[in-house]
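Let's take a friendly walk through a protein model, one region at a time. Keep the 3D view open as you read.

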Amino acid sequence: MANEYEIKPYVGVGKLRFGMTKEDVNTILGPPEEADIHPLGEAYEDRFGSSVLAIYSKTDNTLVQIGFSRWTQGVTLKNTDIFNEDPRKVLEYLIQEDGQPLE
């Protein structure tokens with residue numbers, strides 16, 4: 001599905017929104033194949049079928065980070081397909097969008 005995971009900076013990705021509970025995320029993505037505590041103390045859930053990683057705050061257990069495998073299809077930012085375009089062009093585009101990237 002095209003643009004299934006449209007990145008909305010500081011808001012979320014696709015139907016996922018930062019601040020959601022695990023139950024909210026499970027309603028959208030289904031149950032995780034793996035769930036554990038990250039060494040930094042944050043809970044995470046991995047869904048290998050959709051290649052989506054959800055990380056939750058260690059203080060209030062709400063969604064704070066969304067990660068993707070490079071094989072995930074439909075991850076876009078303003079119509080730029082993050083994983084299917086030339087990586088150098090994507091990097092240049094991301095730097096233009098945020099002139100001070102940290103990671």
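## A leucine in a helix

In which helix does Leu94 lie? The answer is helix α2, which covers residues 87–97. Before going further, please keep in mind that this is a predicted model.

Is Leu94 buried, partly exposed or exposed? Its relative accessibility is 34%, so Leu94 counts as partly exposed. Leaving aside residues up to four places away in sequence, Leu94 touches Leu77 and Ile82. Leu94 and Ile82 are 12 residues apart along the chain, and their C-alpha atoms are 9.4 Å apart in space.

## The open sheet

Now look for the strands. An open sheet of 5 strands has the order β3-β2-β1-β8-β9, and its pairing is mixed. At its edges stand β3 (16–17) and β9 (80–81); each has a single partner strand, so one side of each is left without a neighbour in the sheet. Strands of a sheet pair through backbone hydrogen bonds, and the pairing can be parallel or antiparallel.

Within this sheet, β1 and β8 pair in the parallel sense, over 2 bridges. If you find Tyr5, you can look across to Val75, its bridge partner in β8.

## A hairpin

Another pair of strands to find is β4 (residues 34–37) and β5 (residues 43–47), which run antiparallel and are joined by 4 bridges. Here Ile37 has Ala43 in β5 as its bridge partner. The two strands β4 and β5 form a hairpin with 5 residues between them, and Gly41 in the turn has a positive phi of about 100°.

## Rings and a charge

How many aromatic pairs does a search of the whole structure find? It finds 1. The pair is made by Tyr5 and Phe68, whose ring centres are 5.1 Å apart; their planes meet at 50°, so the pair is tilted. Because Tyr5 lies in strand β1 (residues 5–8) and Phe68 in strand β7 (residues 63–68), the pair ties together parts that are 63 residues apart in sequence. Tyr5 is buried, with a relative accessible area of 8%.

The charged end of Lys22 sits over the ring of Tyr56, 5.4 Å from the ring centre.

In soluble globular proteins, nonpolar side chains tend to be buried together. The largest nonpolar core here has 16 residues, and those touching the most other members are Leu16, Val25, Tyr56, Leu63 and Ile66. Two or more residues each come from β6 (52–56), β7, β8 (75–77) and α2. The largest share, 3 residues, comes from β6.

Not counting residues up to four places away in sequence, its contacts include Leu16, Val25, Ala54 and Tyr56.

## Two salt bridges

How many salt bridges are counted? The count comes to 2. In one of them, the side chains of Arg47 and Glu45 meet at 2.9 Å, N to O. Arg47 counts as buried because its relative accessibility is 2%, and Glu45 counts as buried because its value is 5%.

Lys78 and Glu97 also meet in a salt bridge through their side chains, at 2.9 Å, N to O. Lys78 lies in the loop between β8 and β9, while Glu97 is in helix α2, so this pair ties together parts that are 19 residues apart in sequence. Lys78 counts as exposed at 53% relative accessibility, whereas Glu97 is partly exposed at 39%.

Conventions:
Residues are numbered from 1 along each chain as its sequence is written. This is a predicted model: local features need pLDDT of at least 70, side-chain atom pairs count only at pLDDT 80 or more; totals for chains, interfaces and linings use all residues. Side-chain values use heavy atoms; hydrogens and water are left out. Buried means under 20% relative accessible area, exposed over 50%, partly exposed in between (1.4 Å probe, protein chains only). Contact means heavy atoms within 4.5 Å. Rings of Phe, Tyr and Trp (its six-membered ring) pair if their centres lie within 6.5 Å; planes under 30 degrees apart count as stacked, over 60 as edge-to-face and the rest as tilted. A charge sits over a ring if NZ of Lys or CZ of Arg is within 6 Å of the ring centre and within 35 degrees of the ring normal. A nonpolar core is a set of buried Ala, Val, Leu, Ile, Met, Phe, Trp, Tyr and Cys residues joined through side-chain atoms within 4.5 Å. Two strands pair if DSSP finds at least two bridges between them. A salt bridge is a side-chain nitrogen of Lys or Arg within 4 Å of a carboxyl oxygen of Asp or Glu.
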